[in-house]
Amino acid sequence: MLHVGLHHFLVVSSILFSLGLYAIVTRKNAILVLMGVELVLNAANINFVAFARYGDFGASGQLNALFVIVLAAAEAAIALAIVINLYKHFSHVNIDEADNLKE
Amino acid sequence: MNLYDIIFYIFAAITVVSGVITVTSKNIIYAAFSLLFTFFGVAGMYVLLGADFISIVQIIVYVGGILILLLFGVMLTNKVTSTDIKSGSVNVLPAVIGVALFAGALISIIIRTKWTETPGEIPLSTAGTLGSVLLNEYVIIFELLAVLLLIALIGAASIARRTKEETN
(Lines give C-alpha, C1' and ligand atoms only; values in the text may rest on other atoms or scores of the structure.)
Protein backbone atom coordinates (compact mmCIF):
# COMPACT_ATOMS: atom_id res chain seq x y z
CA MET A 1 0.00 0.00 0.00
CA LEU A 2 2.83 2.39 0.77
CA HIS A 3 4.58 1.67 -2.52
CA VAL A 4 3.47 4.35 -4.99
CA GLY A 5 1.53 3.02 -7.96
CA LEU A 6 -1.15 4.17 -10.37
CA HIS A 7 -3.93 4.46 -7.80
CA HIS A 8 -1.94 6.92 -5.65
CA PHE A 9 -1.87 9.38 -8.54
CA LEU A 10 -5.55 8.73 -9.27
CA VAL A 11 -6.48 9.42 -5.62
CA VAL A 12 -4.58 12.73 -5.64
CA SER A 13 -6.26 13.72 -8.90
CA SER A 14 -9.74 12.85 -7.60
CA ILE A 15 -9.12 14.93 -4.45
CA LEU A 16 -8.03 17.82 -6.69
CA PHE A 17 -11.13 17.34 -8.87
CA SER A 18 -13.41 17.42 -5.83
CA LEU A 19 -11.74 20.58 -4.53
CA GLY A 20 -12.26 22.23 -7.92
CA LEU A 21 -15.90 21.15 -7.95
CA TYR A 22 -16.33 22.60 -4.44
CA ALA A 23 -14.85 25.92 -5.60
CA ILE A 24 -17.15 26.02 -8.64
CA VAL A 25 -20.23 25.36 -6.51
CA THR A 26 -19.54 27.63 -3.52
CA ARG A 27 -17.49 30.61 -4.68
CA LYS A 28 -19.19 33.96 -5.30
CA ASN A 29 -16.37 35.71 -7.14
CA ALA A 30 -16.17 34.73 -10.83
CA ILE A 31 -12.36 34.63 -10.80
CA LEU A 32 -12.35 32.16 -7.89
CA VAL A 33 -14.79 29.98 -9.87
CA LEU A 34 -12.26 30.10 -12.73
CA MET A 35 -9.56 28.90 -10.32
CA GLY A 36 -11.83 25.94 -9.52
CA VAL A 37 -12.10 25.17 -13.24
CA GLU A 38 -8.29 25.22 -13.48
CA LEU A 39 -8.07 22.73 -10.59
CA VAL A 40 -10.50 20.39 -12.38
CA LEU A 41 -8.46 20.60 -15.61
CA ASN A 42 -5.24 19.88 -13.68
CA ALA A 43 -6.87 16.81 -12.11
CA ALA A 44 -7.83 15.54 -15.57
CA ASN A 45 -4.27 16.16 -16.74
CA ILE A 46 -2.77 14.12 -13.88
CA ASN A 47 -5.05 11.25 -14.93
CA PHE A 48 -3.93 11.50 -18.58
CA VAL A 49 -0.24 11.48 -17.68
CA ALA A 50 -0.63 8.74 -15.02
CA PHE A 51 -2.43 6.41 -17.44
CA ALA A 52 0.18 7.21 -20.11
CA ARG A 53 2.89 6.13 -17.66
CA TYR A 54 1.27 2.97 -16.28
CA GLY A 55 -0.54 1.83 -19.42
CA ASP A 56 1.06 1.00 -22.72
CA PHE A 57 -0.12 3.92 -24.84
CA GLY A 58 3.09 5.52 -26.10
CA ALA A 59 3.08 9.30 -26.29
CA SER A 60 -0.69 9.75 -26.85
CA GLY A 61 -1.59 10.29 -23.20
CA GLN A 62 1.01 12.99 -22.69
CA LEU A 63 -0.09 14.69 -25.93
CA ASN A 64 -3.69 14.77 -24.69
CA ALA A 65 -2.44 16.47 -21.53
CA LEU A 66 -0.70 19.03 -23.76
CA PHE A 67 -3.97 19.65 -25.67
CA VAL A 68 -5.82 20.17 -22.37
CA ILE A 69 -3.23 22.78 -21.34
CA VAL A 70 -3.74 24.64 -24.65
CA LEU A 71 -7.53 24.57 -24.21
CA ALA A 72 -7.17 25.79 -20.61
CA ALA A 73 -5.13 28.78 -21.80
CA ALA A 74 -7.74 29.69 -24.43
CA GLU A 75 -10.57 29.21 -21.91
CA ALA A 76 -8.89 31.41 -19.29
CA ALA A 77 -8.41 34.25 -21.80
CA ILE A 78 -12.05 34.18 -23.00
CA ALA A 79 -13.44 33.79 -19.47
CA LEU A 80 -11.45 36.76 -18.16
CA ALA A 81 -12.69 38.90 -21.07
CA ILE A 82 -16.25 37.97 -20.08
CA VAL A 83 -15.49 38.69 -16.39
CA ILE A 84 -14.15 42.15 -17.30
CA ASN A 85 -17.34 42.85 -19.29
CA LEU A 86 -19.36 41.68 -16.27
CA TYR A 87 -17.45 44.15 -14.09
CA LYS A 88 -18.15 47.00 -16.55
CA HIS A 89 -21.84 46.14 -16.44
CA PHE A 90 -22.45 45.44 -12.72
CA SER A 91 -19.39 47.04 -11.02
CA HIS A 92 -18.80 43.71 -9.23
CA VAL A 93 -18.07 40.13 -10.31
CA ASN A 94 -20.30 38.22 -7.87
CA ILE A 95 -22.00 35.71 -10.13
CA ASP A 96 -24.85 35.04 -7.69
CA GLU A 97 -25.94 38.69 -7.99
CA ALA A 98 -25.52 38.97 -11.78
CA ASP A 99 -29.08 38.04 -12.67
CA ASN A 100 -29.94 39.93 -15.86
CA LEU A 101 -28.51 39.42 -19.33
CA LYS A 102 -29.39 42.84 -20.76
CA GLU A 103 -30.44 46.17 -19.32
CA MET B 1 9.45 3.18 1.24
CA ASN B 2 12.12 4.46 -1.11
CA LEU B 3 13.07 7.98 -2.18
CA TYR B 4 10.52 8.02 -5.06
CA ASP B 5 7.65 7.35 -2.63
CA ILE B 6 8.82 10.03 -0.18
CA ILE B 7 9.05 12.63 -2.97
CA PHE B 8 5.60 11.60 -4.22
CA TYR B 9 4.07 12.06 -0.77
CA ILE B 10 5.74 15.48 -0.41
CA PHE B 11 4.36 16.66 -3.76
CA ALA B 12 0.93 15.16 -3.04
CA ALA B 13 0.83 16.98 0.32
CA ILE B 14 1.84 20.28 -1.32
CA THR B 15 -0.82 19.84 -4.02
CA VAL B 16 -3.68 18.87 -1.72
CA VAL B 17 -2.95 21.34 1.12
CA SER B 18 -2.54 24.32 -1.19
CA GLY B 19 -5.59 23.17 -3.16
CA VAL B 20 -7.64 23.24 0.06
CA ILE B 21 -6.33 26.74 0.82
CA THR B 22 -7.21 27.81 -2.74
CA VAL B 23 -10.84 26.79 -2.42
CA THR B 24 -11.42 27.90 1.18
CA SER B 25 -9.42 31.13 1.61
CA LYS B 26 -11.52 34.27 1.94
CA ASN B 27 -8.69 36.41 0.62
CA ILE B 28 -8.51 36.26 -3.20
CA ILE B 29 -4.78 37.03 -3.33
CA TYR B 30 -4.01 34.18 -0.90
CA ALA B 31 -6.17 31.85 -3.03
CA ALA B 32 -4.23 32.87 -6.17
CA PHE B 33 -0.86 32.32 -4.51
CA SER B 34 -1.81 28.92 -3.11
CA LEU B 35 -2.99 28.01 -6.63
CA LEU B 36 0.65 28.71 -7.62
CA PHE B 37 1.82 26.01 -5.19
CA THR B 38 -0.85 23.61 -6.47
CA PHE B 39 0.46 24.07 -10.01
CA PHE B 40 4.04 23.46 -8.83
CA GLY B 41 2.93 20.30 -7.00
CA VAL B 42 1.17 19.02 -10.13
CA ALA B 43 4.31 19.81 -12.17
CA GLY B 44 6.33 17.73 -9.68
CA MET B 45 3.90 14.86 -10.19
CA TYR B 46 4.40 15.03 -13.94
CA VAL B 47 8.16 14.71 -13.35
CA LEU B 48 7.57 11.64 -11.16
CA LEU B 49 5.45 10.17 -13.98
CA GLY B 50 8.30 10.64 -16.46
CA ALA B 51 6.69 13.53 -18.34
CA ASP B 52 9.42 16.15 -18.23
CA PHE B 53 8.18 18.20 -21.20
CA ILE B 54 4.59 18.39 -19.88
CA SER B 55 5.97 19.47 -16.52
CA ILE B 56 7.91 22.39 -18.03
CA VAL B 57 4.90 23.35 -20.16
CA GLN B 58 2.74 23.24 -17.01
CA ILE B 59 5.06 25.69 -15.25
CA ILE B 60 5.42 28.00 -18.26
CA VAL B 61 1.76 28.08 -19.32
CA TYR B 62 -0.06 27.78 -15.99
CA VAL B 63 2.26 29.74 -13.68
CA GLY B 64 3.65 32.14 -16.27
CA GLY B 65 0.44 32.62 -18.23
CA ILE B 66 -2.86 31.62 -16.70
CA LEU B 67 -2.06 32.56 -13.10
CA ILE B 68 -0.76 35.99 -14.16
CA LEU B 69 -3.93 36.44 -16.23
CA LEU B 70 -6.06 35.51 -13.19
CA LEU B 71 -4.14 37.99 -11.01
CA PHE B 72 -4.70 40.69 -13.67
CA GLY B 73 -8.38 39.80 -13.54
CA VAL B 74 -8.41 40.17 -9.75
CA MET B 75 -6.70 43.57 -9.97
CA LEU B 76 -8.97 44.84 -12.76
CA THR B 77 -12.24 43.79 -11.10
CA ASN B 78 -11.68 45.07 -7.55
CA LYS B 79 -11.12 48.48 -6.11
CA VAL B 80 -7.59 47.71 -4.99
CA THR B 81 -6.49 49.58 -1.89
CA SER B 82 -4.38 46.85 -0.28
CA THR B 83 -3.77 43.12 -0.70
CA ASP B 84 -6.81 42.52 1.49
CA ILE B 85 -9.45 41.61 -1.14
CA LYS B 86 -12.19 39.43 0.32
CA SER B 87 -14.89 37.26 -1.19
CA GLY B 88 -17.57 35.14 0.41
CA SER B 89 -18.96 31.67 -0.26
CA VAL B 90 -22.52 30.43 -0.76
CA ASN B 91 -24.18 27.04 -0.11
CA VAL B 92 -21.19 25.78 1.92
CA LEU B 93 -22.89 22.96 3.87
CA PRO B 94 -24.71 21.25 0.97
CA ALA B 95 -21.60 21.62 -1.18
CA VAL B 96 -19.37 20.04 1.49
CA ILE B 97 -21.74 17.09 1.90
CA GLY B 98 -22.19 16.55 -1.84
CA VAL B 99 -18.52 16.91 -2.74
CA ALA B 100 -17.43 14.70 0.19
CA LEU B 101 -19.83 11.95 -0.90
CA PHE B 102 -18.63 12.28 -4.50
CA ALA B 103 -14.94 12.20 -3.51
CA GLY B 104 -15.53 9.22 -1.19
CA ALA B 105 -17.26 7.26 -3.95
CA LEU B 106 -14.53 8.13 -6.48
CA ILE B 107 -11.65 7.22 -4.14
CA SER B 108 -13.22 3.96 -2.96
CA ILE B 109 -13.83 2.92 -6.59
CA ILE B 110 -10.21 3.76 -7.48
CA ILE B 111 -8.79 1.82 -4.50
CA ARG B 112 -11.02 -1.26 -5.02
CA THR B 113 -10.32 -1.54 -8.75
CA LYS B 114 -7.56 -3.97 -9.80
CA TRP B 115 -5.58 -1.77 -12.18
CA THR B 116 -3.44 -3.55 -14.77
CA GLU B 117 -0.14 -1.71 -14.56
CA THR B 118 2.43 -2.17 -17.31
CA PRO B 119 5.00 0.52 -16.56
CA GLY B 120 7.75 0.65 -19.15
CA GLU B 121 11.14 2.28 -18.87
CA ILE B 122 11.02 6.02 -18.15
CA PRO B 123 12.62 7.64 -21.21
CA LEU B 124 15.40 10.15 -20.66
CA SER B 125 13.59 12.88 -22.60
CA THR B 126 10.06 12.86 -23.99
CA ALA B 127 10.28 16.04 -26.07
CA GLY B 128 11.57 14.29 -29.23
CA THR B 129 8.92 11.55 -29.20
CA LEU B 130 6.15 14.04 -28.41
CA GLY B 131 7.25 16.28 -31.28
CA SER B 132 7.37 13.51 -33.87
CA VAL B 133 4.00 12.03 -32.79
CA LEU B 134 2.45 15.52 -32.72
CA LEU B 135 3.55 16.31 -36.27
CA ASN B 136 2.71 12.87 -37.71
CA GLU B 137 -0.37 11.25 -36.11
CA TYR B 138 -1.90 14.37 -34.52
CA VAL B 139 -1.06 16.99 -37.15
CA ILE B 140 -4.71 17.90 -37.86
CA ILE B 141 -5.38 18.47 -34.14
CA PHE B 142 -2.19 20.54 -34.01
CA GLU B 143 -3.44 22.79 -36.83
CA LEU B 144 -6.92 23.01 -35.30
CA LEU B 145 -5.41 24.07 -31.97
CA ALA B 146 -3.47 26.82 -33.76
CA VAL B 147 -6.72 28.09 -35.34
CA LEU B 148 -8.48 27.78 -31.97
CA LEU B 149 -5.82 29.88 -30.24
CA LEU B 150 -6.16 32.55 -32.94
CA ILE B 151 -9.96 32.56 -32.53
CA ALA B 152 -9.60 32.77 -28.74
CA LEU B 153 -7.16 35.69 -29.10
CA ILE B 154 -9.45 37.67 -31.42
CA GLY B 155 -12.55 36.76 -29.42
CA ALA B 156 -11.05 37.75 -26.07
CA ALA B 157 -9.82 41.09 -27.47
CA SER B 158 -13.17 41.91 -29.08
CA ILE B 159 -15.21 40.92 -25.98
CA ALA B 160 -13.01 42.83 -23.55
CA ARG B 161 -12.74 46.01 -25.65
CA ARG B 162 -16.48 46.35 -26.29
CA THR B 163 -17.83 49.58 -24.80
CA LYS B 164 -21.39 50.32 -23.74
CA GLU B 165 -22.18 52.51 -26.78
CA GLU B 166 -21.32 49.72 -29.21
CA THR B 167 -23.51 47.15 -27.51
CA ASN B 168 -26.65 49.32 -27.56
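Biologist: Which element of chain B gives the most to the nonpolar patch?

Modeller: Helix H1 of chain B (residues 3–24) does, with five residues. Helices here are DSSP runs of H or I of at least four residues, numbered from the N terminus. Before we go on: this is a predicted model, where local features need pLDDT of at least 70 and side-chain atom pairs need 80 or more, while totals for chains, interfaces and linings use all residues. Residues count from 1 along each chain as written, chains are lettered from A and ligands numbered from 1 in written order, and side-chain values use heavy atoms, without hydrogens or water.

Biologist: What makes the nonpolar patch, and about how many Å² does the patch have?

Modeller: Met1(B), Leu3(B), Ile6(B), Ile7(B), Ile10(B), Ile14(B) and Phe37(B) make it, and it covers about 670 Å². Patch residues have over 30% relative accessible area and no salt bridge, and nonpolar side chains (Val, Leu, Ile, Met, Phe, Trp, Tyr) are joined within 5 Å. The areas come from the Shrake-Rupley method with a 1.4 Å probe, with only the protein chains shown as cover for residues.

Biologist: Why is Ile10(B) called partly exposed?

Modeller: Ile10(B) sits in helix H1 of chain B. Its relative accessible area is 49%, and therefore it counts as partly exposed. The cut-offs are under 20% for buried and over 50% for exposed, with partly exposed in between. Ala13(B) is in helix H1 of chain B too, and it is also partly exposed because its relative accessibility is 40%.

Biologist: How do you know that chain B and chain A meet, and how many residues are in contact?

Modeller: The count is 82 residues of chain B in contact with 71 residues of chain A, where contact means heavy atoms within 4.5 Å. The size of an interface is often given as the accessible area lost when the parts come together. Here the two chains bury about 7,000 Å² between them, and 74% of that is on carbon and sulfur atoms. Buried area is summed over both parts, again with a 1.4 Å probe. On the side of chain B, Val23(B), Leu49(B) and Thr77(B) lose the most area to chain A, together 10% of what that side buries.

Biologist: How many salt bridges does the rule find across that interface?

Modeller: It finds zero; a pair would need a side-chain nitrogen of Lys or Arg within 4 Å of a carboxyl oxygen of Asp or Glu. It does find twelve residue pairs in polar contact, both residues at pLDDT 80 or more. The elements that give two or more residues to this side of chain B are H1, H2 (28–48), H3 (52–76), H4 (92–112), H5 (127–136) and H6 (139–161).

Biologist: Why is Gln62(A) called buried?

Modeller: Gln62(A) lies in helix H3 of chain A, residues 60–90. Its relative accessibility is 10%, so it counts as buried. Leaving out neighbours within four places in sequence, Gln62(A) touches Ala52(A), Gly50(B), Ala51(B), Ile54(B), Thr126(B) and Leu130(B).

Biologist: What does the side chain of Ser14(A) reach?

Modeller: It reaches the backbone oxygen of Val11(A) at 2.9 Å. A polar contact pairs N or O atoms within 3.5 Å; within protein, one must be able to donate a hydrogen and the other to accept it, and residues adjacent in sequence count only if both atoms are side-chain atoms. Ser14(A) is in helix H1 of chain A, residues 6–26, and is buried because its relative accessible area is 4%. Beyond four places in sequence, Ser14(A) touches Leu106(B), Ile107(B) and Ile110(B).

Biologist: Which residues are in contact with Asp96(A), leaving aside its neighbours within four places in sequence?

Modeller: They are Lys28(A) and Val90(B). Asp96(A) is in the segment after H3 of chain A, and it is partly exposed because its relative accessible area is 41%. Asp96(A) and Lys28(A) are 68 residues apart in sequence and 6.2 Å apart from C-alpha to C-alpha.

Biologist: What is the phi of Ser91(A)?

Modeller: About 65°, a positive value although Ser91(A) is not a glycine. Most residues other than glycine have a negative phi. Ser91(A) is in the segment after H3 of chain A. Asn91(B) has a positive phi too, near 50°, and lies in the loop between H3 and H4 of chain B.

Definitions and conventions. Patches are made of residues with over 30% relative accessible area and no salt bridge: like charges are joined within 9 Å, nonpolar side chains (Val, Leu, Ile, Met, Phe, Trp, Tyr) within 5 Å. Buried means under 20% relative accessible area, exposed over 50%, partly exposed in between (1.4 Å probe, protein chains only).
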